[in-house]
Each structure stands twice: as structure tokens, then as C-alpha cells.
Number of protein chains: 2
Amino acid sequence: MSLLVVGSVAFDALESPFGKVDRTVGGAATYFAVAASFFTHVNLVAIVGEDFTEEHANIFARRRIDTRGLERVPGNSFFWAGRYSDNLNERVTLATELNVFETFNPKLPEEYRDSRYVFLANIDPTLQRSVLTQVRRKPKVVALDTMNYWIERTPGELREVLRHTDVLMINDSETRQLSNEHNLLLAAKHIFKMGPKSLVIKRGEHGATLVDSKGVFCVPAFPLEEPQDPTGAGDSFAGGFMGYVASAGSTTDAVLRRAMVYGSVLGSFAVERFGLDRLRTLKKREIDARARHFLKLTQFRL
Amino acid sequence: MSLLVVGSVAFDALESPFGKVDRTVGGAATYFAVAASFFTHVNLVAIVGEDFTEEHANIFARRRIDTRGLERVPGNSFFWAGRYSDNLNERVTLATELNVFETFNPKLPEEYRDSRYVFLANIDPTLQRSVLTQVRRKPKVVALDTMNYWIERTPGELREVLRHTDVLMINDSETRQLSNEHNLLLAAKHIFKMGPKSLVIKRGEHGATLVDSKGVFCVPAFPLEEPQDPTGAGDSFAGGFMGYVASAGSTTDAVLRRAMVYGSVLGSFAVERFGLDRLRTLKKREIDARARHFLKLTQFRL
């Protein structure tokens with residue numbers, strides 16, 4: 001079923017102990033769309049500048065990604081530069097140039113307005129809300145990402161869009177900040193009162209946790225000997241998760257568990273190389289093989 | 001099969017945001033023995049002072065714990081005082097009084113010398129090694145815990161006992177320190193060259209990871225809304241793990257996976273109340289129920 005994503009398409013400059021790239025296509029919506037397209041058709045809504053050429057747009061070509069919602073306007077695309085620490089678990093932002101992203105006002109092409117699955121990547125909650133009002137029928141699943149900036153600066157607007165959110169996908173520190181509660185189980189209960197029925201806590205090297213009315217499900221991070229660049233891991237996770245949910249067409253407990261695994265699979269591939277390099281060459285059979293590897297990693301019998 | 005544990009039996013003064021106890025029986029060997037005794041017979045070797053009364057020793061009574069190796073000598077028992085931070089993930093040591101523990105020179109009672117499973121809790125590696133020389137036949141499994149103090153101060157002695165160790169059970173920071181390697185997979189490879197065939201990395205609220213030649217197995221921490229006191233969690237984990245291994249009498253992959261789960265189960269119960277309070281009243285059927293809960297927490301089908 002069609003999956004809509006709204007978020008950033010950007011250029012990234014990335015540095016880690018394993019290398020450096022000056023300018024590569026990135027952005028939450030890019031990672032999400034590429035990851036999700038292994039599972040389902042994706043409708044992309046984002047904004048780029050004139051510096052985003054056909055060659056750059058190649059990342060979306062020959063995939064199930066509809067780019068009619070990728071608006072191109074005069075100016076430069078969103079640019080982010082960051083450097084990771086030796087262990088990859090800390091990062092410094094070296095530059096954030098919003099450029100055309102500053103005027104982003106997502107407009108859904110007519111063909112997108114029937115999307116049944118929606119992912120609102122980390123952007124201004126007011127824009128996230130405006131996207132939902134443009135979708136014709138209440139979507140089957142609305143998933144949302146956000147960050148400390150919006151939790152602190154626009155709490156009212158964030159609360160408003162959360163009322164219409166089914167799955168909140170944030171990291172552990174955002175979970176604690178949003179709920180003002182350190183314990184993640186208590187934090188989840190608090191967040192359920194705001195609207196979401198499911199909370200997916202992304203915990204980086206410690207994996208991910210799903211909390212909902214059916215209980216808790218934990219999936220570890222895939223053990224890698226040499227992850228190179230964590231950029232986009234969370235958005236690739238979200239893409240794998242929502243791509244699988246949309247392809248399954250339901251949100252039973254079994255589906256959500258599998259979605260957590262596919263999310264972890266996509267996140268683990270994303271960090272293996274710089275930027276989108278690993279996702280570019282990824283095959284569906286590699287995804288399936290790694291999902292089976294997650295079984296080996298976690299399964300036991302009593 | 002008989003399981004030998006050598007380590008500390010002590011008094012602890014504990015403070016956390018959830019309360020305070022001035023003086024309660026603790027020590028690594030105590031937590032280990034109580035946890036393991038749910039699965040198998042335990043031979044305890046430790047030293048206490050005259051302040052350790054029959055009433056204190058009650059924690060071992062009516063359990064499958066042989067205390068013929070619990071030496072009582074003039075002086076006071078080992079005493080430790082610590083305070084935990086608001087989130088329980090940091091702790092300050094307020095006092096460490098070794099007392100009679102300073103002269104601890106473990107001597108195995110004749111009846112213990114046929115123990116087939118051995119756990120060397122965190123003590124001086126020279127003493128750990130001396131215990132192994134007193135065991136008559138090469139044990140089926142020797143598991144060992146250690147800490148930064150020994151890794152830094154007695155690296156040679158630690159290396160010597162590691163040559164005779166099958167399962168090393170330490171936390172993530174100790175794993176990194178011992179191997180001088182941040183990535184835990186690479187750290188494990190490094191540690192395998194030192195002797196151990198299996199590495200169990202205790203990761204606190206992030207669960208535990210087993211690495212061996214068969215691969216990696218991850219188990220999450222059991223989600224608790226209100227853990228009260230982390231003291232003894234790692235030793236209770238070790239007790240559940242080794243108790244189960246000894247009761248199973250083998251170290252197949254399936255057994256080690258189950259041992260990881262039972263370790264996590266015992267660790268999760270230990271933190272629910274102060275000191276040994278929760279383990280004191282724990283029933284085998286509660287252990288089995290929580291192990292099944294771990295299935296719910298982690299299992300999925302593709």
C-alpha cells in the first residue's frame with residue numbers, strides 16, 4: 001500500500017574515523033524512502049534547490065519512489081555537516097544551512113492524497129500537522145519522528161500533531177525529554193496519553209524497543225565489527241519499519257515485531273558505509289538474510 | 001552438578017532514591033549462591049568476621065547451599081557502602097572496609113574439590129588461580145568475573161587465570177578496558193586469544209550479550225517500572241547463568257542461550273528490591289514465569 005514520507009532531502013558533509021565525504025545526498029526523507037522502497041511504493045514530499053541535479057535524483061530512480069512531490073526551487077538545498085567521535089557515539093554539528101528548506105511548506109500532489117501510511121520525518125510539527133490535513137482519508141498508520149528542538153521550542157504544536165499520531169519513533173533521550181520521565185516504561189505510558197498507541201524507542205548501538213498496549217518487544221542492534229557512519233540509521237530504521245508495515249497492510253503484534261526487525265536490518269546496513277553508499281547497492285535478498293540472522297541473534301527455547 | 005563459587009560475603013550499606021539500608025548481607029558470592037541455588041547445589045567459599053551471626057547466615061539456610069567453605073575468623077566482615085544516582089545508573093562508593101577479606105586465602109573443603117562447575121567472583125586473580133589449583137579434576141566450566149582494579153593493577157596475574165577460564169563474565173566497560181578495543185565484537189576476538197571461549201558482556205539496563213565461536217546472542221534487560229537497587233544484579237545474573245549451566249550439565253548453544261535468559265531473569269529480580277530482599281522470597285515458579293516473559297519480549301517469526 002502507498003506510503004507517504006515528508007521530510008528533508010539534503011546534502012551532507014560527513015566525517016568519521018573511517019573517512020570523510022564532502023558532499024553527498026542525505027536527509028531523513030531520502031534515507032527513509034530508499035529503505036522503505038525495498039518493501040513498498042513510496043510517495044516522497046520534500047524540497048530541494050537548483051544544486052540538486054538529475055544525477056543526485058538518481059538515488060530515487062529505478063526504485064518504487066514517486067518524486068512528483070519533490071519540489072525544486074531557486075536557491076541551495078539543505079546542507080548539514082557533522083563529525084563523529086572515535087567510537088561513533090557522539091557527533092558534532094559543524095554546519096547547518098537550511099537554505100530552501102526554510103521555506104518548505106509541504107504540498108501533497110493530488111495523487112498522494114490517498115496515501116494510507118504516512119511517515120512524518122523530523123520537521124516543524126506545524127508542517128507535520130498540515131501534511132495530515134491534506135491526506136484525504138484518515139491514514140491507517142501515521143508515524144512521526146521529532147527531536148529536542150521541537151520538544152523544547154514548539155511543545156504545543158508538537159502535542160497537537162501527536163494527537164493524530166499512531167506510532168511515535170524517537171530515541172531514548174527524546175523519549176525521556178518528551179515525557180519528563182527517565183524510566184522508559186513509565187515514559188511510554190505518559191506518551192500514550194498524548195495520542196500515540198505505539199512507541200518505538202531507537203537506542204542506537206543498544207537496539208530498539210517497541211512499547212504498546214500488548215507489551216514490550218526488544219530487538220538488539222546488529223553486531224558489526226566496523227560501522228563507518230551512523231548518519232541516517234534512525235531514518236533507515238523508520239523506512240524499514242514503515243515500509244514493512246505498509247507492505248503487510250496491518251498492524252498486528254506479529255507485523256509490528258517483524259517491522260522492528262526490518263527496521264533494525266535497514267538501520268544496520270545504513271551504518272556499514274558512508275551516507276547512502278550501502279543502501280544504494282543493497283539487495284532484497286541481503287535484507288532477508290540479515291533478518292534471518294536477527295533470528296539467530298535473539299531466539300531461544302525454554 | 002555441583003557448582004563452586006568463591007568470592008565475597010559482606011555487609012552493604014545502600015542508598016538509592018527509593019530508600020536506604022544501613023547494613024544488610026551482600027557480597028558477590030552471596031548473590032551468586034542464592035541465585036544459583038534455584039537451579040543446582042552450590043558450594044560456597046568465602047570469609048566473614050565475628051559480626052556475621054547465625055541469623056545473617058540464614059540467607060543460605062534451607063537452600064541448596066553448602067557453607068562448609070564459609071570461614072569465620074576474628075574481626076569484622078567486608079563492608080561496602082554506596083549511593084546510587086537518581087536514575088540508578090551511576091554510583092558513588094562511600095566506604096570500602098576490607099576487614100577480614102584482606103586476609104582471604106580461599107581453601108576448598110575436601111568435599112568441594114570435585115566441583116565440576118566453578119565461578120570465580122571478582123577477587124584478586126592470584127586467589128582465583130589458587131582456587132583452580134585446588135579443584136581435583138579440570139572443571140567442565142570455569143567462569144570468571146573481574147573488574148577495572150585487577151585489569152589495571154595485576155594484568156599478568158589476570159592473564160594467567162584467564163588462560164584457565166572458559167566463560168568470562170564482565171561488563172561492557174571492562175570488556176573494552178581488558179581488550180583495549182571499543183567495538184565489542186573485536187574486543188571478544190581479542191579476549192578469546194587470552195583463553196576464554198565465551199564472553200558474556202553484562203550491559204545493565206541494555207541487557208547482556210554472549211559472544212562465542214557460534215556467534216552472538218543478545219538478551220534485553222527485563223523492563224521494570226521501578227527498579228530500586230542495582231546492587232548484586234551482575235552477580236545474580238552470573239548465579240542464574242552458571243546455576244542453569246550446571247543443572248543442564250552441558251554447554252551446547254541452546255543451553256548457553258537459556259543460561260543467558262535465566263541470568264537475566266535473576267538479575268531482574270535482584271534489582272526489584274533492596275539488597276537480597278527480592279531473592280529471599282523468590283519462588284522457582286516466578287523464575288519460570290519470567291523466563292517465559294522473556295520469550296514474549298524477544299520472539300518473532302519471519
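## Chain A as a whole

This is a predicted model, and every value given here should be read with that in mind. Chain A contains 11 helices and 13 strands. Its radius of gyration is 18 Å, close to the 19 Å that the globule rule gives for 302 residues, so chain A is as compact as a globular protein of that length. Along its principal axes, the C-alpha trace of chain A spans about 60 × 45 × 35 Å.

Of the 302 residues in chain A, 59% are buried.

## Strands in chain A and chain B

In chain A, strand E10, made of residues 167–171, is mostly covered, with 4 of its 5 residues buried. Strand E10(A) is joined to strand E9(A), residues 141–144, by 2 bridges, and these two strands run parallel. Within that pairing, Leu144(A) stands opposite Leu168(A). Strand E10(A) also pairs with strand E11(A), residues 198–202, in the parallel sense, and here Leu168(A) stands opposite Leu199(A).

In chain B, strand E2, residues 10–16, is likewise described as mostly covered, since 6 of its 7 residues are buried. Strand E2(B) and strand E3(B) form a hairpin with 2 residues between them. One facing pair in these two strands is Ala10(B) and Gly26(B), the latter lying in E3(B). Strand E2(B) pairs with strand E6(B) as well, and the bridge partner of Ala13(B) in E6(B) is Ala81(B).

The table sets out the pairings by direction and number of bridges.

| Strand pair | Direction | Bridges |
|---|---|---|
| E2(B) and E3(B) | antiparallel | 6 bridges |
| E2(B) and E6(B) | parallel | 6 bridges |
| E9(A) and E10(A) | parallel | 2 bridges |
| E10(A) and E11(A) | parallel | 5 bridges |

## Single residues

Where in chain B is Ile191(B) placed? Ile191(B) belongs to helix H7(B), which covers residues 184–192. Because its relative accessibility is 0%, Ile191(B) counts as buried. Leaving aside residues up to four places away in sequence, Ile191(B) touches Leu168(B), Thr175(B), Leu178(B), Ser179(B), Pro196(B) and Leu199(B). The C-alpha atoms of Ile191(B) and Asn180(B), which are 11 residues apart along the chain, are separated by 9.9 Å.

Two loop residues of chain A deserve a look for their backbone angles. Arg62(A), a residue other than glycine, has a positive phi, near 55 degrees, and lies in the loop between helix H2(A) and strand E5(A). Leu88(A), also a residue other than glycine, has a positive phi near 65 degrees and lies in the loop between strand E6(A) and strand E7(A).

Which of the words buried or exposed applies to Arg62(A), and which to Leu88(A)? At 79% relative accessibility, Arg62(A) counts as exposed, whereas Leu88(A), at 13% relative accessibility, counts as buried.

Notes. Residues are numbered from 1 along each chain as its sequence is written. Chains are lettered from A and ligands numbered from 1 in the order in which they are written. This is a predicted model: local features need pLDDT of at least 70, side-chain atom pairs count only at pLDDT 80 or more; totals for chains, interfaces and linings use all residues. Side-chain values use heavy atoms; hydrogens and water are left out. Buried means under 20% relative accessible area, exposed over 50%, partly exposed in between (1.4 Å probe, protein chains only). Two strands pair if DSSP finds at least two bridges between them. The radius of gyration is taken over C-alpha atoms; the globule rule is 2.2 Å times the number of residues to the power 0.38. Contact means heavy atoms within 4.5 Å.
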